[in-house]
Amino acid sequence: MKAAITTTYGGPEVVHFGRIDRPEPGPGEMLVRVGAAGVTTADWRLRAAAFPGAISAVAGRLMFGVFRPRRHVLGSDFAGTVEALGSGAAGFAVGDRVFGFQFGGAHAEYMIVKAGGAVTKTPDSLTDIEAAALPFGGLCALEFLDRFAKLQPGERVLIVGASGGVGAYAVQVARALGAIVTGVASGDSLPLVERLGADHVVDYRKTDPANLTGPYDVVFDTVGALDYASAAPMLARGGRFVPLNFGLGDVWKGRKSGRNGHAQILRVNGDTKEGMERLTSMIAAGQLRPVIDTVYPFDDIREAYAKVETRRRKGAVVLEVGAPVTGG
Ligand SMILES: NC(=O)c1ccc[n+]([C@@H]2O[C@H](COP(=O)([O-])OP(=O)(O)OC[C@H]3O[C@@H](n4cnc5c(N)ncnc54)[C@H](OP(=O)(O)O)[C@@H]3O)[C@@H](O)[C@H]2O)c1
């Protein structure tokens with residue numbers, strides 16, 4: 001089968017196409033024919049060993065390959081059709097349309113997916129391309145705003161990077177949780193952020209997010225524009241500072257958060273079937289929709305990576321991998 005292969009760390013040019021054996025599903029696994037796959041900041045970081053901060057750089061290489069990537073086929077957001085089932089792969093049948101998030105493998109014509117992992121049936125209302133645009137940003141937004149920050153109805157949340165791969169979903173999730181949303185992005189992204197449900201918008205080119213006064217109950221920074229010291233003056237009592245990018249230095253910077261009546265939440269995303277099912281319910285309820293910047297043919301994966309690395313995309317970047325299903 002055709003796959004986008006990465007055997008050395010580097011720029012988009014290290015990704016090349018090759019043919020590898022089609023994998024066989026083992027117990028609890030299914031073989032999925034990939035219709036569409038996302039290219040995310042996670043794929044970029046893994047391909048380039050662009051792990052933020054010195055400690056993360058060491059930890060990242062220990063986890064994912066010291067001198068070269070251990071995983072040769074990247075791609076974690078996927079949507080496609082079940083082609084075969086391994087023994088005990090419960091809950092799915094051959095021919096089911098599925099979408100989800102799994103570390104690596106989606107940048108190929110077929111991938112192995114754990115049936116018990118972050119995967120569920122694709123709603124009929126979504127094409128494969130739309131479905132592949134949802135898991136990375138949607139799961140991350142849900143996990144950080146709901147599970148970690150415990151955002152409550154009526155609370156005020158500031159989302160920095162509100163039009164990006166995570167931010168475009170964070171605005172919708174925060175709104176669905178009943179929060180009052182302020183979104184920060186550049187001027188040309190602000191109409192989108194408003195359409196996604198933000199009550200207030202801020203252009204970071206005109207106003208430095210660090211100069212905002214709030215007060216906010218939750219500050220969710222997807223960009224790395226703030227640290228606890230700059231977020232603290234805008235946090236209400238009981239406020240939570242939730243950065244997506246952090247290093248060891250942030251543990252030190254946030255050490256006084258408890259004394260100030262705040263919490264700094266430094267966590268890593270977990271991706272679950274329950275999260276995928278919640279996203280599906282939110283889609284059915286009209287609370288969540290895919291946000292797609294650009295769809296690229298599979299052959300243009302290097303261009304897709306280059307787009308992600310601009311850090312200026314609006315929502316997801318998606319690859320048309322196989323013959324994506326275009327309707328339910
Ligand atoms: N901790 C975890 O488990 C976890 C999980 C997922 C992701 N992450 C990390 O989270 C980060 C966000 O990912 P992403 O995919 O959302 O990134 P992204 O798509 O590249 O984010 C771009 C967004 O940031 C905005 N932006 C750029 N510069 C800004 C500035 N100076 N001030 C305010 N906003 C600015 C952009 O707005 P304009 O386009 O309008 O300029 C756009 O909305 C990545 O670094 C990723 O590695 C961490």
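Helix 4 and helix 9 (residues 273-284) pack with their axes 10 Å apart, at an angle of about 100°. That angle makes helix 4 roughly perpendicular to helix 9, because values from 65 to 115 degrees count as such. Please keep in mind that this is a predicted model.

**Helix 4 against helix 9**

- On the helix 4 side, the contact is made by Pro135, Gly138, Leu139, Leu142 and Glu143.
- Helix 9 answers with Gly275, Met276, Arg278 and Leu279.
- Sorted by class, the contact of helix 4 with helix 9 has five nonpolar residues, two polar ones and two charged ones.

**Helix 4 against helix 5**

- Helix 4 (residues 135-148) also packs with helix 5 (residues 167-176), at an angle of about 50° and with the axes 8 Å apart.
- The crossing of helix 4 and helix 5 is right-handed.
- From helix 4, the residues that meet helix 5 are Gly137, Gly138, Ala141, Leu142 and Leu145.
- Their partners in helix 5 are Ala168, Tyr169, Ala170, Val173 and Ala174.
- This contact of helix 4 with helix 5 has eight nonpolar and two polar residues, and no charged residues.

**Around the ligand**

- The ligand is surrounded by 28 residues, and the closest are Gly161, Gly164, Gly165, Ser186 and Ser189.
- Helix 1 (41-48) and strand 9 (180-185) are the elements that give two or more residues to this shell.
- By class, the shell around the ligand has twelve nonpolar, twelve polar and four charged residues.

**A look at Gln264**

- You will find Gln264 in strand 13 (residues 263-264).
- Gln264 is buried, because 25 other C-beta atoms lie within 10 Å and 20 or more are enough for that label.
- Leaving aside residues up to four places away in sequence, Gln264 touches Tyr228, Phe241, Gly254 and Ser257.
- Gln264 and Ala232 lie 32 residues apart in sequence, and their C-alpha atoms are 9.6 Å apart in space.

How values were computed: Residues numbered from 1 in each chain as written. Predicted model: local features only at pLDDT ≥ 70, side-chain atom pairs only at ≥ 80, totals over all residues. Axes fitted to C-alpha atoms, helices over the stretch in contact; angles between N-to-C directions. Helix = DSSP H or I, 4+ residues; strand = E, 2+ residues; numbered from the N terminus. Left-handed = near helix turned anticlockwise from the far one by under 90°. Contact = placed C-beta atoms within 7 Å. Nonpolar A, V, L, I, M, F, W, Y, C, P; charged D, E, K, R; others polar. Buried ≥ 20, exposed ≤ 12 C-beta atoms within 10 Å, placed from the backbone. Near = placed C-beta within 6 Å. Parallel < 35°, antiparallel > 145°, perpendicular 65-115°, else oblique.
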